[in-house]
Amino acid sequence: AIDPQNPIQWDGWPVAYPQCRRGVIHAVQTAIAEGKLRGRLGKKQFEVFSADYLLDTSNFAWLIEFNFSMVLFDPLANMELTTPRMEAYQRDYELNGDKAVVNDHEMISSAVSKVFFP
């Protein structure tokens, strides 16, 4: 299994990563060119997005899904639970705390810290 905290341990990383990176760059550039992603003049900003890939047996990375507005879940944010999956995440967190299977809190904190505390 791949450790999600350190994907570089995976032997396929040197092959998969450059393909995925090119795909993300292309998706972001396309969104900018089509006016779907815009900066705010005079303002600093960052975008949180997700890109899901599947690597086939020929080591070709297929972009499965790209989201500029995915749903992030932070059990500490006292947010409205708008989907059954978010309710399940909250139940998991209430039962298991930081050992919950799905917890975006660390991802959100990490992304924000990279922007505000480089």
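Helices (H or I, at least four residues) and strands (E, at least two) are DSSP runs, numbered from the N terminus. Read that way, this protein runs α-β-β-α-α along its sequence, with three helices and two strands. Keep in mind that this is a predicted model: local features need pLDDT of at least 70, side-chain atom pairs count only at pLDDT 80 or more, and totals for chains, interfaces and linings use all residues. Residues are numbered from 1 along each chain as its sequence is written, and side-chain values use heavy atoms, leaving out hydrogens and water.

**Confidence**
- pLDDT is the predictor's confidence in each residue, from 0 to 100; here the average is 78, and 74% of the residues score at least 70.

**The hairpin**
- Strand 1 and strand 2 run antiparallel and pair over six bridges (two strands pair if DSSP finds at least two bridges between them).
- D52 has E65 in strand 2 as its bridge partner.
- Five residues sit between the two strands of this hairpin, and N59 in the turn has a positive phi of about 65°.
- F60 is also in the loop between strand 1 (50-55) and strand 2 (61-67).

**Surface and burial**
- Buried means under 20% relative accessible area, exposed over 50%, and partly exposed in between (1.4 Å probe, protein chains only); buried residues make up 19% of the 118 residues.
- At 42% relative accessible area, F60 counts as partly exposed.
- The accessible surface of the protein is about 9,400 Å², 56% of it belonging to carbon and sulfur atoms (Shrake-Rupley method, 1.4 Å probe; for residues, only the protein chains shown count as cover).

**Salt bridge**
- A search of the whole structure turns up one salt bridge, meaning a side-chain nitrogen of Lys or Arg within 4 Å of a carboxyl oxygen of Asp or Glu.
- K36 and E34 form a salt bridge, with their closest N and O atoms 3.1 Å apart.
- K36 is exposed at 66% relative accessibility, whereas E34 is partly exposed at 48%.

**Across the sequence**
- V15 sits in helix 1 (residues 13-33) and is partly exposed, at 38%.
- V15 and L55 are 40 residues apart in sequence but 9.7 Å apart in space, C-alpha to C-alpha.
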